Amino acid sequence: MTTPSIELKPSSHPLSDAERDAILASPGFGRHFTDHMVVIKWTEGRGWHDAELVPYAPLSIDPANMTLHYAQEIFEGLKAYRHPDGSVALFRPEANARRFQASARRLAMPELPVDLFVAACDAIVRQDEAWVPAHGGEESLYLRPFMIASEVGLGVRPASEYLFLVIASPAGAYFPGGVKPVSIWLSEDRVRAVPGGMGDAKTGGNYAASLLAQAEAAAKGCDQVAYLDAVEHTWVEELGGMNLYFVYEDRIVTPTLTGSLLAGITRDSLLKLAGDLGYTSEEGRVSIDQWQADSESGALKEVFACGTAAVITPVGTVKSARGEWQQSGGEPGEVTLKLRKALLDIQTGKAADAHGWTHPVA
Ligand code: PLP
Ligand code: COI
């Protein structure tokens, strides 16, 4: 089977410059979508076919579509940034493509070739380049590649037809407070993922599993939930949509990938970037008791969350059934801010990219 090329069928009625500029002045997160989307079909026996860039539009879905019932769905999130010379680059799209393949394997879905995933991202960014916010801030064009089963039927089995799509949305800060520390509710009873489950796949079910705890966190005045491992309820894993980092005097630690948390691309980039900045960065286990005790003793200097949408966001207050404590006096920590700047400088093309992470598009 050959990899199809993407046929361009652009919109005859894109938003006017004035309408688009009004959106770009205050994009928020995930509220507005560009003029186009990419759609690629997969059919058993035929493989990937009919790859098209078309005007953004609703999908027509049969009520018995298998995704609606059994959640055979995966997605990705990556960003295109405007560089100082006006060009546009994606950050590590091949890493997202590989993770998308891993998610597909876990959900018994067909794997999209890495080059087709990247070509689809490139196509929408090129077509909707005017939607990439200006250089200067941390605004970006957020891409949401995803795959759903498109077969109709109520039998529980892997579907024989799928749709891969990429949509794009201009993005400001994920948290309205920007770089203001977020508060965390530490969930000691509800879990997000279990060993042998789907925690390391980027699939909608994991996010559905997180919504009730997220609502409980909001009711307690917290922005996000931190999850513990599902067996011992002891080991810190991640937030609902971000990985965690713990900053000690002599080292920076992020929870080891055990299979029940997502292998974040930001997390991976920071393991390397922290080393570039002279810090010792490592994967390890952090227990909830250790988090609390080390915060209270002052040994744990800073905690931050990281992800594509959230970039790097400091953790301020932590609340749990066992009590409440604060990280670095509730202020953004020095190491957190240094890493945040180093990462954003590479993503936005302000700093040299020694790792080959930026992927020029337009
Ligand atoms: N963990 C979860 C559950 C996520 O949804 C995300 C966001 O994509 C992350 C971690 C961070 O991953 P990445 O840095 O690849 O965006
Ligand atoms: C991302 O960071 O890209 C995600 O998918 C996380 C989600 C909370 C928006």
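Let me start with ligand 2: its shell divides into four nonpolar, three polar and two charged residues. Here Ala, Val, Leu, Ile, Met, Phe, Trp, Tyr, Cys and Pro count as nonpolar, Asp, Glu, Lys and Arg as charged, and the others, Gly among them, as polar.

A word on the source. This is a predicted model: local features need pLDDT of at least 70, side-chain atom pairs count only at pLDDT 80 or more, and totals for chains, interfaces and linings use all residues. Residues are numbered from 1 along each chain as its sequence is written, ligands are numbered from 1 in the order in which they are written, and side-chain values use heavy atoms, without hydrogens and water.

Back to ligand 2. Around it are F75, G77, Y142, R144, Y174, K202, G241, T308 and A309, each with a heavy atom within 4 Å. Now polar contacts, meaning pairs of N or O atoms within 3.5 Å. The side chain of K202 puts an N or O atom 2.8 Å from an oxygen atom of ligand 2. For the side chain of R144, that distance is 3.5 Å. T308 has a backbone N or O atom 3.5 Å from an oxygen atom of ligand 2.

Now ligand 1. Which residues come nearest to ligand 1? Of the 16 around it, they are Y207, E238, I265, T266 and T308. An oxygen atom of ligand 1 is 2.6 Å from a side-chain N or O atom of T308. For the side chain of R99, the figure is 2.7 Å. A polar backbone atom of I265 also lies 2.7 Å from an oxygen atom of ligand 1. By class, the ligand 1 shell has five nonpolar, seven polar and four charged residues.

Conventions:
A polar contact is a pair of N or O atoms within 3.5 Å; within protein, one must be able to donate a hydrogen and the other to accept it, and residues adjacent in sequence count only if both atoms are side-chain atoms.
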